[in-house]
Amino acid sequence: MNLFRFCSGLKVLGYFMILLVFALVAVSYYAVVVTTWWPILIRGDHGALSTLAILIIFVFHFLLIMLLWSYFATVFTDPGSVPERFRREMGGGDSLEAGTSTDQGAFGSLGYCTKCRNVKPPRCHHCSVCQRCVLKMDHHCVWIVNCVGARNYKFFLLFLFYTFFETLLDVIVLLPSFIEFFSQAVKHSSSPGKLASLVLAFVLNFAFVLSLLCFVVMHLSLLSSNTTSVEVHEKNGEVRWKYDLGKKKNFEQVFGKKKAFWLLPLYSKDDLDNITSLQGLEFPTRSDIDP
């Protein structure tokens with residue numbers, strides 16, 4: 001029984017996940033801004049509380065804009081597929097039917113995908129959900145209905161980081177309201193709808209911040225060693241990973257060299273033209289390890 005036949009069903013689940021993302025954003029926005037901090041701001045109270053309300057509302061909206069920008073960039077950016085010109089330049093794939101081949105040309109070791117019937121550049125893997133080979137594939141993410149690969153990995157990381165900090169902010173600013181909830185519930189001093197939204201937002205954000213923390217730590221580790229989630233298994237047992245160029249260069253292989261673009265889901269033209277790894281076809285390797 002081939003379980004991969006059912007992988008296409010994950011696409012349907014992915015659309016549900018997108019709705020879940022927007023539902024979480026809506027609940028959090030209502031609880032943090034509409035219910036808690038906006039009323040404090042419009043009362044016009046002078047002092048530290050009013051200043052804090054302005055700061056929280058500003059940071060909340062900044063993080064929200066950045067996470068949504070990064071999210072849509074990840075969803076709508078093609079992670080990269082093997083271009084037809086690459087197959088022609090490599091001489092087709094009919095001679096590689098054995099499964100793998102080593103062609104020590106400009107692109108290093110090449111493989112062959114029996115499903116796509118095409119040559120594969122280094123670090124390229126077949127996605128059973130997308131039904132195609134993805135350049136420098138990290139994983140298929142149901143939250144974005146897309147693969148994470150060479151051309152959208154940076155955007156995915158930014159989405160991960162901004163979402164983590166947004167949910168962390170929500171947990172911190174909703175914690176006093178969550179504690180106060182129990183006394184208000186006994187006294188019936190607040191409407192049930194308001195109390196329910198505060199509790200729901202706090203619990204959801206708290207659950208997400210804990211799970212996101214694990215993903216942030218994992219991907220920071222992968223980023224620092226220039227490794228993908230798929231390659232963790234491939235490099236198992238290797239003392240030195242051939243794509244590990246040092247933390248600074250590993251970072252630049254994903255985020256580029258232009259510091260002004262590091263926190264934005266964008267690349268500068270210079271980085272796209274000069275950093276070959278961003279195209280997903282060619283990757284520099286350590287000089288002290290044979291390719």
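Student: Take contacts between residues at least 6 apart in sequence. What share joins residues at least 24 apart?
Tutor: In this predicted model, 62% of those contacts join residues at least 24 apart.

Student: How many helices and strands are there?
Tutor: Eight helices and six strands.

Student: In what order do they run?
Tutor: From the N terminus, the order is α-α-α-β-β-β-β-β-β-α-α-α-α-α.

Student: Okay, confidence next. What is the average pLDDT?
Tutor: The average is 83, and 80% of the residues score at least 70.

Student: Which element has the lowest mean, and which the highest?
Tutor: Helix α3, residues 84-89, has the lowest mean pLDDT, at 66. Helix α7 has the highest, at 95.

Student: Where does pLDDT stay under 50?
Tutor: Over residues 93-108. The model has 31 contacts beyond four places in sequence for that stretch.

Student: Now the inside. What percentage of the residues count as buried?
Tutor: Of the 291 residues, 46% count as buried.

Student: And how many residues are in the largest nonpolar core?
Tutor: It has 46 residues. Trp37, Leu157 and Leu174 have the most contacts inside it.

Student: Which elements give two or more residues to this core?
Tutor: Helices α1 (9-42), α2 (48-76), α4 (153-187), α5 (192-224) and α7 (247-255). The largest share comes from α4, with 14 residues.

Student: What does tryptophan 37 touch?
Tutor: Leaving out residues up to four places away in sequence, Trp37 touches Val32, Leu49, Leu52, Ala53, Ile56, Ile57 and Val173.

Student: And what about a second core?
Tutor: There is a separate one of seven residues. Val82, Cys124, Leu135 and Ala150 are among them.

Student: Is aspartate 170 buried or exposed?
Tutor: Buried, because its relative accessible area is 1% and the cut-off is under 20%. Aspartate 170 sits in helix α4.

Student: What does aspartate 170 touch?
Tutor: Ser28, Val32, Phe60 and Asn205, again leaving out residues up to four places away in sequence. Val32 is also on the list for Trp37.

Student: Where is arginine 123?
Tutor: In the loop between β2 (118-120) and β3 (125-127). Arginine 123 is buried, with a relative accessible area of 6%.

Student: And what is phi for asparagine 226?
Tutor: Near 55 degrees, which is positive in a residue other than glycine. Asparagine 226 is in the loop between α5 and α6 (231-234).

Student: Is asparagine 226 buried or exposed?
Tutor: Asparagine 226 counts as buried, at 4% relative accessibility.

Student: Which residues make the nonpolar surface patch of about 330 Å²?
Tutor: Phe22, Phe72 and Phe76 make that patch.

Student: Where does phenylalanine 76 lie?
Tutor: In helix α2.

Student: Is phenylalanine 76 buried or exposed?
Tutor: Exposed, because its relative accessibility is 67% and the cut-off for exposed is over 50%.

Key. Residues numbered from 1 in each chain as written. Predicted model: local features only at pLDDT ≥ 70, side-chain atom pairs only at ≥ 80, totals over all residues. Heavy atoms only, no water. Core = buried A, V, L, I, M, F, W, Y, C linked by side-chain atoms within 4.5 Å. Buried < 20%, exposed > 50% of the residue type's maximum accessible area, 1.4 Å probe, protein only. Helix = DSSP H or I, 4+ residues; strand = E, 2+ residues; numbered from the N terminus. Contact = heavy atoms within 4.5 Å. pLDDT = per-residue confidence, 0-100. Patch = residues over 30% accessible without salt bridge, like charges linked within 9 Å, V, L, I, M, F, W, Y side chains within 5 Å. Areas by Shrake-Rupley, 256 points an atom, 1.4 Å probe, with all protein chains shown as cover. Salt bridge = Lys/Arg side-chain N within 4 Å of Asp/Glu carboxyl O.
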